[in-house]
Amino acid sequence: MKLKTTGLLIASLLVLAGCDQAEKSAQQLMGQAAEAAKQAIDDTHKAAEEALSDATGNLISKKESKDDEEKSESSSQEI
């Protein structure tokens, strides 16, 4: 009877130790997944900012060149 109880106790401790190890591994994996997701979000944000900057920069430079053309045309007309 004592042998069965001792064996059951040891088995229970091994299962609990295994559960703790599994929990630690799961936490590590979750941490790594969270870091990878954060990096992906940061990369996407950076790419979106660059695309927006390129797009608005092109629009602004086109608008400025049109304004310059209109100014030069009006200046030549005044003379």
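L9 sits in helix α1, which covers residues 2-78. The model is predicted.

User: How many helices and strands are in the chain?

Analyst: The chain has 1 helix and 0 strands.

User: What share of the residues is buried?

Analyst: Buried means under 20% relative accessible area. Here buried residues account for 0% of the 79 residues in the chain.

User: What is the accessible surface of the chain, and what percentage belongs to carbon and sulfur atoms?

Analyst: The accessible surface is about 7,300 Å². Carbon and sulfur atoms hold 62% of that surface.

User: Which residues make a nonpolar surface patch?

Analyst: A patch takes residues with over 30% relative accessible area, and nonpolar side chains are joined within 5 Å. In this model L9, L13 and L16 make a nonpolar patch of about 320 Å². Take L9: its relative accessible area is 53%, so L9 is exposed.

User: Now charges. How many salt bridges does a search of the whole structure find?

Analyst: Side chains of opposite charge can pair when their charged atoms come close. The search of the whole structure gives 1 salt bridge. K38 and D42 form a salt bridge, with their closest N and O atoms 3.2 Å apart. The cut-off for such a pair is within 4 Å.

User: Where do K38 and D42 lie relative to each other in helix α1?

Analyst: They are 4 residues apart in helix α1, so about one helical turn separates K38 from D42.

Technical notes
Residues are numbered from 1 along each chain as its sequence is written. This is a predicted model: local features need pLDDT of at least 70, side-chain atom pairs count only at pLDDT 80 or more; totals for chains, interfaces and linings use all residues. Side-chain values use heavy atoms; hydrogens and water are left out. Helices (H or I, at least four residues) and strands (E, at least two) are DSSP runs, numbered from the N terminus. Buried means under 20% relative accessible area, exposed over 50%, partly exposed in between (1.4 Å probe, protein chains only). Accessible areas come from the Shrake-Rupley method with a 1.4 Å probe; for residues, only the protein chains shown count as cover. Patches are made of residues with over 30% relative accessible area and no salt bridge: like charges are joined within 9 Å, nonpolar side chains (Val, Leu, Ile, Met, Phe, Trp, Tyr) within 5 Å. A salt bridge is a side-chain nitrogen of Lys or Arg within 4 Å of a carboxyl oxygen of Asp or Glu.
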